[in-house]
Amino acid sequence: MPTLTIALAQINPTIGDIDGNLALMVAAAQRAHAQGAQLVAFPELSLTAYYPADMLEDPDFQRRLAKGIQDLLLASKELPNLHWVVGAPTPNTGIGKPLFNSVLVLKNGSILLQYHKQLLPTYNIFDERRHFEPGPDVAKILDIEDVRVGFMICEDGWNDEQRDYVVNPFNRLADAAPDVVVSINASPSSIGRREMRHAIFTKASARHNLPLVYVNQIGGHDQLVYDGASFAVDPKLGVVMEGARFQPDLLLLQVHSRSKFLDRDGKELAAIDSKGLPKNEFYRQQLVLGLRDYARRCGFSTAVVGCSGGIDSALTLAIAVEALGAKNVVAITMPSQYSSTGSVTDSQRLCQNLGIALYTHPIGELVEKYVSQFGTAFGEPLAGLAKENLQARIRGTILMEYSNHFGHLLLTTGNKSEISVGYCTLYGDTNGGLGVLGDLYKTEVFELSRHLNEAAGRELIPTTIIDKPPSAELAPGQKDTDSLPPYDVLDSILKTLIEGNRLSQKEGEAAMKFVLETSSTSEGKALIERVKHMIARNEYKRRQAPPILRVRSRAFGSGRQMPIAAKY
């Protein structure tokens with residue numbers, strides 16, 4: 001019986017680095033060929049990486065892209081018996097947008113097949129219709145070693161129940177009756193997303209009796225992180241093989257005419273457990289990879305963090321150490337007259353635990369000089385919120401000075417709860433190049449901090465930091481609860497207002513139950529309205545904040561696009 005050996009090349013390409021991405025593909029193809037593969041499949045838009053956005057409109061980029069495709073064809077000649085399934089933008093010579101999002105099947109210097117993505121997502125973080133024209137409603141089949149292979153691209157496989165698009169590419173594939181479907185993907189990671197992929201593709205595979213392999217991109221790309229976790233689905237068994245998460249991988253398996261998948265040794269594959277990582281371990285791995293790749297791709301090898309002795313900066317530093325190494329992370333504590341003794345000593349203990357350098361830069365004299373000169377210039381003393389914000393802005397300036405002088409990437413430490421309601425200072429603690437915790441609610445920051453300690457088997461983040469009441473320490477005896485509801489209350493309200501039906505069923509039901517119970521009283525209704533108002537009036541701050549690493553289903557940035565000047 002004819003058998004086809006397939007390799008799924010889970011690579012970490014860089015957006016726009018066509019030469020570098022080509023080198024990754026060549027290296028993976030050589031490994032696949034050496035292990036007996038007859039077909040190697042790469043992720044969606046693997047030549048450019050996902051997603052190039054308006055780079056696609058740049059003439060120089062278009063020239064480099066055309067050269068990259070020619071270089072791929074030349075590379076395929078070096079392995080003349082191997083089929084390369086690659087993702088790349090290709091020209092549309094007809095009506096509509098100038099490009100297609102395409103699969104190209106190459107062999108020995110020739111393009112044997114082209115398939116254009118039919119379903120172009122334009123929701124949440126996606127905007128493919130801005131650049132691409134949908135492909136025709138057809139299935140493309142290629143016979144390889146007498147095995148019939150069909151193709152699809154990412155979103156094409158997410159509409160089997162036809163809830164979002166009129167067209168369902170699975171129907172055409174089922175009519176064509178391939179022996180296996182190769183799906184190339186760039187599916188961003190968020191909590192629960194891997195499990196959702198398994199559920200959707202397992203159901204579609206069973207419904208149409210189509211064995212399917214799914215290869216996914218990995219890596220941090222601006223706000224988004226791709227987890228890889230490429231897999232194979234047997235129509236009767238479900239998921240039977242899965243690649244590594246958050247790291248490159250090369251999976252080999254065999255398929256023959258409408259039969260079970262086999263491993264590389266010819267043994268039948270069995271169903272595997274699709275249970276995902278525990279939530280906090282998922283957050284840890286996603287944030288570490290996202291930060292590591294963001295820094296690397298932006299040309300940074302070192303990072304600096306303002307260390308307040310609080311939970312947010314402590315967790316940011318711990319993640320930075322894991323991502324970049326202790327010798328490449330610096331902390332700066334900037335005490336003022338309102339800083340508690342514990343904040344300084346906790347910062348010292350934290351940095352000793354993490355093995356990183358801690359510098360001290362007091363701000364008391366600077367604050368007093370600003371206050372004095374404000375009174376002299378404007379005839380009124382600086383006080384209240386303006387004086388509190390001044391302290392945050394002086395700290396932000398010091399951190400930017402260090403970043404500019406020493407070349408470190410400044411990491412902001414704000415969490416999703418604070419960013420949601422504007423409990424942050426523009427041009428102060430919002431300064432920086434990347435927000436590591438910006439998609440974690442405050443309650444999740446505490447949970448993840450405890451998890452890091454448990455995973456390490458020792459106290460990375462001092463328990464005194466985890467247990468202390470949160471405070472910005474910008475005024476005498478200040479606590480976050482002076483301005484905000486308790487974080488467990490606030491977070492339940494925020495989840496409902498910001499993420500809503502994008503929450504998991506369990507989390508959504510719990511948050512909604514809390515909100516309904518809260519809104520049953522006049523005080524509760526007033527609280528929810530107050531939170532709504534704070535979210536709306538602080539959109540201008542979020543628009544000017546640095547990008548944040550996405551871990552949840554709806555993050556600030558491209559995933560939540562709201563007007564600033566509007567009546568809510």
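Which residues does D346 touch, not counting residues up to four places away in sequence? In the predicted model, D346 is in contact (heavy atoms within 4.5 Å) with G309, P462, T464, I465 and K468. Residues are numbered from 1 along each chain as its sequence is written, and side-chain values use heavy atoms, with hydrogens and water left out. Because the model is predicted, local features need pLDDT of at least 70 and side-chain atom pairs count only at pLDDT 80 or more, whereas totals for chains, interfaces and linings use all residues.

D346 lies in helix 7 (residues 341-354); helices (H or I, at least four residues) and strands (E, at least two) are DSSP runs numbered from the N terminus. With a relative accessibility of 7%, D346 counts as buried (buried, under 20% relative accessible area; exposed, over 50%; partly exposed, in between; 1.4 Å probe, protein chains only). Its side chain makes a polar contact of 2.9 Å with the side chain of T464 (a pair of N or O atoms within 3.5 Å; within protein, one must be able to donate a hydrogen and the other to accept it, and residues adjacent in sequence count only if both atoms are side-chain atoms).

An open sheet of 5 strands shows parallel pairing in the order 17-16-15-18-19, where two strands pair if DSSP finds at least two bridges between them. Strand 17 (357-360) and strand 19 (434-435) each have a single partner strand, so one side of each is left without a neighbour in the sheet. Strand 15 (residues 303-306) and strand 18 (residues 409-412) run parallel and are joined by 2 bridges; V304 has L410 of strand 18 as its bridge partner. Helix 5 (residues 279-297) packs on the sheet, touching strand 18 and strand 19, at about 150 degrees to strand 18 (axes are lines fitted to C-alpha atoms, for helices over the stretch in contact; angles run from 0 to 180 degrees between N-to-C directions).

The cysteine sulfur nearest to that of C307 belongs to C351, 4.4 Å away. C307 is buried, at 2% relative accessible area.

Notes
Disulfide = S-S within 2.5 Å.
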